[in-house]
Amino acid sequence: MENTNQFLGTERVGKLMRRYAVPCIISLLVGALYNIVDQIFIANASYLGSYGNAANTVVFPLTVVALAIAVMIGDGCCAFVSISLGKGEVGEARKSVGSAVVLSVASSLVLTALYLIFADAIISMFGGTVNEETFHYAQEYFFYISLGIPFYMFGQAMNPVIRADGNPRFAMISTLEEEFIQRRRWLDKDEFLDMTAIAESTPGPVAINSATYLGYKLAGVPGAAAATVLGQIVTAALAVWYLCRMKTVKPGKGDFRLHASLCTRMLTLGITSFLSQISLVAAMAAINNMLRKYGALDEIFSQEQYAQIPMAVVGIVMKFFQIVISIVVGMAAGCIPVVGYNMGAGKKTRVHVLFTKLLLCEAIVGTVALILAEGFPRQLIAVFGAANESSYYTDFAIKAFRTYLCMMVLACVNKACFIFLQAVGKAFSSTMLSMIREVAFGVGFALLLPRFFGLDGVLYSVPVSDVLTFVIAAGMIVKTYRELNTEGATVL
């Protein structure tokens, strides 16, 4: 089969970044909105409020576990396919896609079974026992979300594979379709009728109408979760449709099995994506439990009616952080096919130019996020139903936004460095840097600092981790520039 991705080695770097990064950013933003839109809906329901927010915060890390496995498979396959195409090894690329499909299906079924069997124990592990109401709502939400895990994981794993095949726009459209399903359930009846014609002209109209029906019939937590799951089903279906019509890397029947040697190489390239997500889960587990423990020692939050506030608030801050990181990761991950192809083709000057542009763009995103978090925390909180909460909720939320996110610029640059190292094949360096940030610093400081600063120590743990990680990342950035032989580099 002819390699149709040769333009990755000749097209202007800036144009390639826009072509691949923008759809990836949109796809990841839509993915981030699954949980965030649910949380906004739950938070603004008067009978749920901060209890619903806290429950959503408990379940959120458990969806990240599924995402971690999916992106390890998908990003690893994407990087491997791109490098293989750069070397002209199309057959190896086809086999890796087949292996990725089998791995994503098998792993999602195993994870779903574990979630359903050990639901109560898992919810307790992530701080769901802060009070009885939070635990009840977490159980309800987690059950429905668990049912959608296979579809969610398959869609997320195949998204990078579709980008590697040279079709970032379809990868974006598949997730936009899913978000459209979710947003339909928030429309009033007049808007619902106005949108019906649009819905019928897009793929998956049956699922869309079913999602809307459930959104109206299942109030609160069940309706939010059910519509999310149906959206994930549509994304998975679109991924299957595309796999049957791949243009550059179309696997045959014999490719859909586990090729041991390819799986090892592919998962090695994707391990950084996995660790960056799964270690985030470990950090969130530590943070949730520290919030529960030290909130019980606080003069205000030790009271039963306010006990859920710290967990609910930090969950909201994490959602804002997730939106920003979705842009950052989307920008970097979208460049993986470009970086991988040019590294495979030995065009290091182009890779150097891309790295420079990427770091600059990530720093700009971090600066904008920092201005929003520091200058407009009250407005951000209001989106999540703060009007229905006490002054203790608002005061703690403002402090949380301004403290937790004060090093957003460094956090964005760090994340870009992790993914870029992965894309150029430096899996070990990328993995170690990610592990240091998320586990050694993220978990370590989340457990240590509250001993000295109480609840404030939980908030301090994130900026401290980002500063120390950047010190290490800066050295790796300099080393990477030297290895790319930057002499004579010009914008291509």
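User: How many helices and strands does the chain have?
Analyst: This is a predicted model. The chain has 20 helices and zero strands.

User: And what share of the residues counts as buried?
Analyst: 60% of the chain's 492 residues count as buried.

User: What about contacts between residues 24 or more positions apart? What share do they make up?
Analyst: Take the contacts with a separation of 6 or more. Residues 24 or more positions apart account for 83% of them.

User: Which residues touch the most other members of the largest nonpolar core?
Analyst: Met158, Tyr404, Leu405 and Phe420 do, in a core of 147 residues.

User: Which helix gives the most to this core?
Analyst: Helix 2, residues 49-87. It supplies 23 residues.

User: Back to Tyr404. What does it touch, not counting residues up to four places away?
Analyst: Tyr404 touches Ile287, Val314, Val317, Met318, Leu459, Val462 and Pro463.

User: New topic: where is Ala397?
Analyst: Ala397 sits in helix 16, which covers residues 391-404.

User: Buried or exposed?
Analyst: Buried. Its relative accessible area is 3%, and buried means under 20%.

User: Which residues is Ala397 in contact with, leaving aside neighbours within four places?
Analyst: Val313 and Ile381.

User: How far is Ala397 from Ala312?
Analyst: In sequence, 85 residues. In space, 9.1 Å from C-alpha to C-alpha.

User: Now helix packing. At what angle do helix 18 and helix 20 pack?
Analyst: About 155°, with the axes 9 Å apart. Angles over 145 degrees count as roughly antiparallel, so helix 18 is roughly antiparallel to helix 20.

User: Which residues make that contact?
Analyst: From helix 18, they include Leu433, Ile436, Phe441 and Phe445. From helix 20, Val462, Leu468, Ile472 and Met476 are among them. Val462 is also one of the residues that Tyr404 touches.

User: What about helix 14 and helix 20? How do the axes cross?
Analyst: Helix 14, residues 348-375, crosses helix 20 at roughly 155°. The axes come within 9 Å. That makes helix 14 roughly antiparallel to helix 20.

User: Left-handed or right-handed?
Analyst: Helix 14 passes helix 20 in a left-handed crossing. For helix 18 with helix 20, the crossing is right-handed.

User: Which residues of helix 14 and helix 20 meet?
Analyst: Lys348, His352, Phe355, Thr356 and Leu359 of helix 14 meet Ile477, Thr480, Tyr481 and Glu483 of helix 20. By class, that contact has four nonpolar, three polar and two charged residues.

Key. Residues are numbered from 1 along each chain as its sequence is written. This is a predicted model: local features need pLDDT of at least 70, side-chain atom pairs count only at pLDDT 80 or more; totals for chains, interfaces and linings use all residues. Side-chain values use heavy atoms; hydrogens and water are left out. Axes are lines fitted to C-alpha atoms, for helices over the stretch in contact, and angles run from 0 to 180 degrees between N-to-C directions. Helices (H or I, at least four residues) and strands (E, at least two) are DSSP runs, numbered from the N terminus. Angles under 35 degrees count as roughly parallel, over 145 as roughly antiparallel, 65 to 115 as roughly perpendicular and the rest as oblique. A crossing is left-handed if the near helix is turned anticlockwise from the far one by less than a right angle, and right-handed if clockwise. Contact means heavy atoms within 4.5 Å. A nonpolar core is a set of buried Ala, Val, Leu, Ile, Met, Phe, Trp, Tyr and Cys residues joined through side-chain atoms within 4.5 Å. Buried means under 20% relative accessible area, exposed over 50%, partly exposed in between (1.4 Å probe, protein chains only). Ala, Val, Leu, Ile, Met, Phe, Trp, Tyr, Cys and Pro count as nonpolar, Asp, Glu, Lys and Arg as charged, and the others, Gly among them, as polar.
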